[in-house]
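Here is a short report on one protein model. Look through the sequence and the structure first, then read on.

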Amino acid sequence: MTSPTPAASPSAFDKARQGLWTSLQKHLETVYAAERDFRAATAFTEAFPFSPAATEPEALAGYQRQRARLRDLFVDETTQLDSLVKAVRTKSYQEDEKKLLLLMILGYLDIAESIFELLETRRPSKPDKDEELEETTARFGRVKSFVRLNIKGIAGLLPQL
């Protein structure tokens, strides 16, 4: 009688891919919850930018709480994504494996960007200056551009001779 062939143990890449997938799903749950709460906090108006003076104090306070929550999440997610992308690039995976991981991250970046853009679109008519938010927005854009560049590859950008 032959013994069954043991299943191949997952490679480091397979473990990383599964771990990334699980992590991105958890992050999406958090981002979607923040989006839902932020949209609920802006339900007092359909016109944006809105006038804070024309808004009831309770509604304005709720908006400010949810905006701060979404903003802080944006800052945290951007920092984590920056570190994650750098970690993927430094791992000893094959280039195609790195591209697959980066493609997964890019999908998350696209979804997250559509939600974090609410900070700019659903705002008061005269928002307070927020340098950290501006820096985070620029950093998020750089991370996304870096991911896209690494998926396409430098060779893909050079003209064909």
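## An aromatic cluster

Ring pairs link Phe38, Phe44, Phe48, Phe50 and Tyr63 into a cluster. Rings of Phe, Tyr and Trp (its six-membered ring) pair if their centres lie within 6.5 Å; planes under 30 degrees apart count as stacked, over 60 as edge-to-face and the rest as tilted. The structure holds 9 such aromatic pairs. One of them joins Phe44 and Phe50 edge-to-face, at 5.0 Å centre to centre and 85° between the planes. Phe44 is partly exposed, with a relative accessible area of 30%. Phe50 is buried, at 4%. Here buried means under 20% relative accessible area, exposed over 50%, and partly exposed in between (1.4 Å probe, protein chains only).

Phe74 and Phe140 form a tilted pair, with 5.5 Å centre to centre and 55° between the planes. This pair links distant parts of the chain: Phe74 sits in helix 2 and Phe140 in helix 5, 66 residues apart. Both Phe74 and Phe140 are buried.

## The model and its layout

This is a predicted model, in which local features need pLDDT of at least 70, side-chain atom pairs count only at pLDDT 80 or more, and totals for chains, interfaces and linings use all residues. Residues are numbered from 1 along each chain as its sequence is written, and side-chain values use heavy atoms, with hydrogens and water left out.

The protein has 5 helices and 0 strands. Read along the sequence, the pattern is α-α-α-α-α. Helices (H or I, at least four residues) and strands (E, at least two) are DSSP runs, numbered from the N terminus. Of the 161 residues in the protein, 35% are buried. Among contacts with a separation of 6 or more, 83% come from residues 24 or more positions apart. Contact means heavy atoms within 4.5 Å.

## Helix 2 against helix 3

Two packed helices are described by the angle between their axes and the distance between the axes. The axes of helix 2 (residues 57-90) and helix 3 (residues 95-116) come within 11 Å and cross at roughly 170°. That makes helix 2 roughly antiparallel to helix 3. Axes are lines fitted to C-alpha atoms, for helices over the stretch in contact, and angles run from 0 to 180 degrees between N-to-C directions. Angles under 35 degrees count as roughly parallel, over 145 as roughly antiparallel, 65 to 115 as roughly perpendicular and the rest as oblique.

Which residues meet? On the helix 2 side they include Leu70, Phe74, Leu81 and Arg89; on the helix 3 side they include Glu95, Lys98, Ile105 and Phe116. The residues of this contact divide into 14 nonpolar, no polar and 4 charged. Ala, Val, Leu, Ile, Met, Phe, Trp, Tyr, Cys and Pro count as nonpolar, Asp, Glu, Lys and Arg as charged, and the others, Gly among them, as polar.

## The nonpolar core

In soluble globular proteins, nonpolar side chains tend to be buried together. A nonpolar core is a set of buried Ala, Val, Leu, Ile, Met, Phe, Trp, Tyr and Cys residues joined through side-chain atoms within 4.5 Å. The largest such core has 33 residues, and Leu70, Ile105, Leu109 and Val147 touch the most other members. Helix 1 (12-41), helix 2, helix 3, helix 4 (118-121) and helix 5 (131-152) each supply at least two residues of this core. The largest share, 10 residues, comes from helix 3.

Take Val147. Leaving aside neighbours within four places in sequence, Val147 is in contact with Val85, Leu102, Ile105, Leu106 and Leu109.

## Tyr93 and Lys98

Tyr93 lies in the loop between helix 2 and helix 3. Tyr93 is buried, with a relative accessible area of 17%. Beyond residues up to four places away in sequence, Tyr93 touches Ala12, Phe13, Ala16, Lys98 and Leu101. Ala12 is 81 residues from Tyr93 along the chain, yet their C-alpha atoms are separated by 8.6 Å.

Lys98 belongs to helix 3. Is Lys98 buried or exposed? At 7% relative accessibility, Lys98 counts as buried. With residues up to four places away not counted, Lys98 touches Val88, Arg89, Lys91 and Tyr93.

## A cis bond and an exposed arginine

The peptide bond from Phe48 to Pro49 is cis, with omega near -5°. Pro49 lies in the loop between helix 1 and helix 2.

Arg36 is in helix 1. At 54% relative accessibility, Arg36 counts as exposed.
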